[in-house]
Amino acid sequence: MSNDWDIIITNKNRLFSLDLSEVWRYRDLLAMYVKRDIITFYKQTILGPLWFVIQPLFTTIMFMFVFGGIAGISTDGIPQAVFYLAGLVCWNYFQDCLSKCSDTFNANQAIFGKVYFPRLVVPLSIVISNLIKMAIQFALFLVVYIYYFASGIDFQVNAALLLIPLLIIMLGALGLGFGMIISSMTTKYRDLRFLITFGVQLWMYATPVIYPLSVMKDTYPKYIWVLVANPLTAILETFKYAFTGVGEFNWFYLGYSFAFTIIILMLGIVIFNRVQRNFMDVI
Amino acid sequence: MSNTVIEFNNVGKQYILGSIGTGTLSQDLNRWWANIRGKEDPYLKIGETNDRTQKGDSRFVWALRDISFKVEQGDVVGIVGKNGAGKSTLLKILSRVTSPTTGDIKIKGRIASLLEVGTGFHPEMTGRENIFMNGSIMGMTKAEIKSKFDEIVDFAGVAKYVDTPVKRYSSGMMVRLGFAIAAHLEPEILVVDEVLAVGDAEFQKKAIGKMQDVSKGEGRTVLFVSHNMAAVRSLCTRGVMLKNGMVDFIGNIPDTLEHYLKIDDSAQKEKIIDNVKFTKSTLKISNIEINGTNLSESTIQSNQRELTVKIEGHSKEELNYDVMLILRNKDGMPYATYAKGHYMGDIQHQPAGDFVIERTIQLPEILTRGAVYVDLFLHHPMVEYQLKAPNCCILETMGYQQGFGSAMNQIDNGFMGLNDK
């Protein structure tokens, strides 16, 4: 008799039983999930992937009318289209990751209830497939950006551009982390699910998407801490700064955002791993 | 040489009855508080055996308790038991969908479960895409799936539809495809739950054949849960019977099934008359005896050649009737029918008033050992039924045996044996 068991199933809790090698073994599944998300998005549509572009384009036009035109909120001299599109591309990526990830257990309970595979594959696939969607929207942003650049607007492009990949990873990681925490917490008590639907809306207004941080500083200096505490603020401001040279670039804010992201991500993974073992019994 | 591939150690699973709400929150807090002080979970001790027909006092129930057994490599283990005995819970724990409350399971090798085929199919994706998707969910790599793709499509018989979204598939096609994918997995251990319920007879045969190949030819281990006794019988080598969440019997498959069939009947120890489902309004039945007893379970002895039937009652009008008995096996397959009204046109007349109907039926000389289920009817053939009592009693036959012989088993040999002229 040998003792080399491959799998031992118990109810013992190990805090960091995160088995990344197992996730790696299921990388083909991860790829399949990403492919599925992309394919099924435009199945039986005529415009297909074009829908990825249409949504931010029209939202931007709407923003230009409502916030730029009617409300007259300053964009710090950046052309409105560029300003709003930059904000939307970032925000949309975060929001999609967050809301889809936070529905992981609920939406996949049928399949989770039947077969075992590392559950982490599902939220990871959401982040990756949304990254592809984000890349398309980012391309749209670049087209608009280059159009304005060519027509003579003087953007102060700077070295902060090098931070863009990191910013995007942080957006995804924040969405993933928060999403996993919410998803885990709603399996048993569903209260948070109500919060997420309108909470995300409110969160957008507490993030410099449709206004620059400088406007907030002038108007509500008392409440500026809300924006500073929001880990997304530094990401969005840095993003806009990198392309236009306008906005707030602050290493301290960005460092805070980075630390925040790491903590939320770790916390999310730990909670997610704890919950995934038994969530079928309580969902 | 024995080689244990799965070992269950005191596996238990506790569930909470009722709905989740603030009550659950306070229990959660209690549990958390006990945990912090390093004490045992206060709710783990409470709980009683899981008999869903009895109203319990506790909100906590053990769906599984103290399950311990071992599975050797190449075994095909049939897990049987009534609804709610814990079969599916056991398989769920084994396939790591949920974790046990107590105990542990140790597994050697890759395990794939087939708890319900076609799960993970995305309706919008084509058959081809779903084969890859489903295969990777089951743990196959892309290269593995590619090399088996044609075989899978061929086995499922859906070649024509492979580039059509599965939402256009018939339910049968979906099941066939799902099973085909799973059957072409190459895990060391395969867990199967009730998949053969769907699919036509031809496909079921194919599926059983495939599973036999898997276990016999390739030496892989299969755990199989089904209520289809014929499938369990033809497929499995060993049996485990669960009852109220505990292991009731472990043994080879004929013994396990016999044990299961004997135990598994709610009609046990009831009176036959309680199982009457219909009587004509003008008729009142006061007593029914079959095999000399009014109880719904009795034994046919080894040397017994007669089966007596007695029905007592009162009729308000004249009765034209015949007594009909249908003997069936556990699965409801008829073995024999006593119905002289049908094959002899033999109708009895009974004036209004009290009556006692008695019959003595000649039994075949060589009966096998097993359980026989009896349907009893009073009827006027082609006109009306006066009494219907389907599945009203179980006769346990001891089987015929003489000299150095031994009684044959009903499960393997059918209802009766044949003899020289």
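Chain B has ten helices and 19 strands, counted as DSSP runs numbered from the N terminus (helices are H or I with at least four residues, strands are E with at least two). This is a predicted model, where local features need pLDDT of at least 70 and side-chain atom pairs count only at pLDDT 80 or more, while totals for chains, interfaces and linings use all residues. Residues are numbered from 1 along each chain as its sequence is written, with chains lettered from A and ligands numbered from 1 in the order in which they are written.

- Leaving aside neighbours within four places in sequence, Phe224(B) touches residues including Val76(B), Ile79(B) and Leu235(B); contact means C-beta atoms, placed from the backbone, within 7 Å.

**Burial in chain B**
- Of the 421 residues in chain B, 40% are buried (20 or more other C-beta atoms within 10 Å of a residue's own; exposed is 12 or fewer, partly exposed in between, with C-beta atoms placed from the backbone).

**Helix α3 of chain B**
- Ten of the eleven residues of α3 (residues 127-137) of chain B are buried, so the rest of the structure largely encloses this helix.
- Its buried residues pack against α2 (27-41) of chain A, along with α4 (142-156) and α5 (171-183) of chain B.
- After α3(B) comes Gly139(B), with a positive phi near 100 degrees.

Methods:
Two residues are in contact if their C-beta atoms, placed from the backbone, lie within 7 Å.
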